[in-house]
Amino acid sequence: MTNTALSARHCAACEKECPVLTPRQASDLLQQLKGWTLTSEGKRIRKQWRVKDFAEGLAFFQRIGEVAESEGHHPDLHLTGYRDVAIELWTHAVGGLTENDFILAAKIDDVPVELKTEH
């Protein structure tokens, strides 16, 4: 399955009975995403960006929020240092990773963002 295949899917309704991915399953799905990493405890995936400026960070979050709402799956959003953006995904209902996290990560990767250009 490619990132395109992941981004074409939709998040499923997930309650406490939703199966948590094994470390192997999470690792396999992570290989289909660019720039996402598994957090140290292995229960979340994370990606970081350096955006153009504070306003772009907020606008990026707004665009991500629209995608998250349409999928019914919501990331943790972090904006620090006025342009350093980080997003963490995990399925709160099960306290770990499900396929929904990887589907939403692929969709987030399709969201346009203006990055900081280095001089």
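In what order do the four strands form an open sheet, and is the pairing parallel or antiparallel? The order is β1-β2-β4-β3, and the pairing is antiparallel. Strands of a sheet pair through backbone hydrogen bonds, either parallel or antiparallel. Here two strands pair if DSSP finds at least two bridges between them; helices (H or I, at least four residues) and strands (E, at least two) are DSSP runs, numbered from the N terminus.

The model is predicted: local features need pLDDT of at least 70 and side-chain atom pairs count only at pLDDT 80 or more, while totals for chains, interfaces and linings use all residues. Residues are numbered from 1 along each chain as its sequence is written, and side-chain values use heavy atoms, with hydrogens and water left out.

At the edges of the sheet stand β1 and β3 (76-80), each with a single partner strand, so one side of each has no neighbour in the sheet. Five bridges join β3 to strand β4 (residues 84-89) in the antiparallel sense, and Thr80 stands opposite Asp84 in β4. Helix α4 (residues 99-109) lies across β2 and β4 and runs at about 15 degrees to β2; this angle, on a scale from 0 to 180 degrees between N-to-C directions, uses axes that are lines fitted to C-alpha atoms, for helices over the stretch in contact (heavy atoms within 4.5 Å).

Rings of Phe, Tyr and Trp (its six-membered ring) pair if their centres lie within 6.5 Å, and planes under 30 degrees apart count as stacked, over 60 as edge-to-face and the rest as tilted. The count by this rule is two aromatic pairs. Trp36 and Trp49 form an edge-to-face pair, at 6.1 Å centre to centre with 85 degrees between the planes. Because Trp36 lies in the loop between α2 (23-30) and β1 (37-38) and Trp49 in strand β2 (residues 45-50), the pair ties together parts that are 13 residues apart in sequence. Trp49 and Phe60 are likewise edge-to-face, at 5.2 Å centre to centre and 75 degrees between the planes. Since Phe60 belongs to helix α3 (residues 54-71), this pair ties β2 to a part 11 residues apart in sequence.

Buried means under 20% relative accessible area, exposed over 50%, and partly exposed in between (1.4 Å probe, protein chains only). Trp36 is buried at 5%, as is Trp49 at 11%; Phe60 is buried too.

Leu29, in helix α2, is buried at 9% relative accessibility. Apart from residues up to four places away in sequence, Leu29 touches Leu6, Leu21, Glu99 and Phe102.
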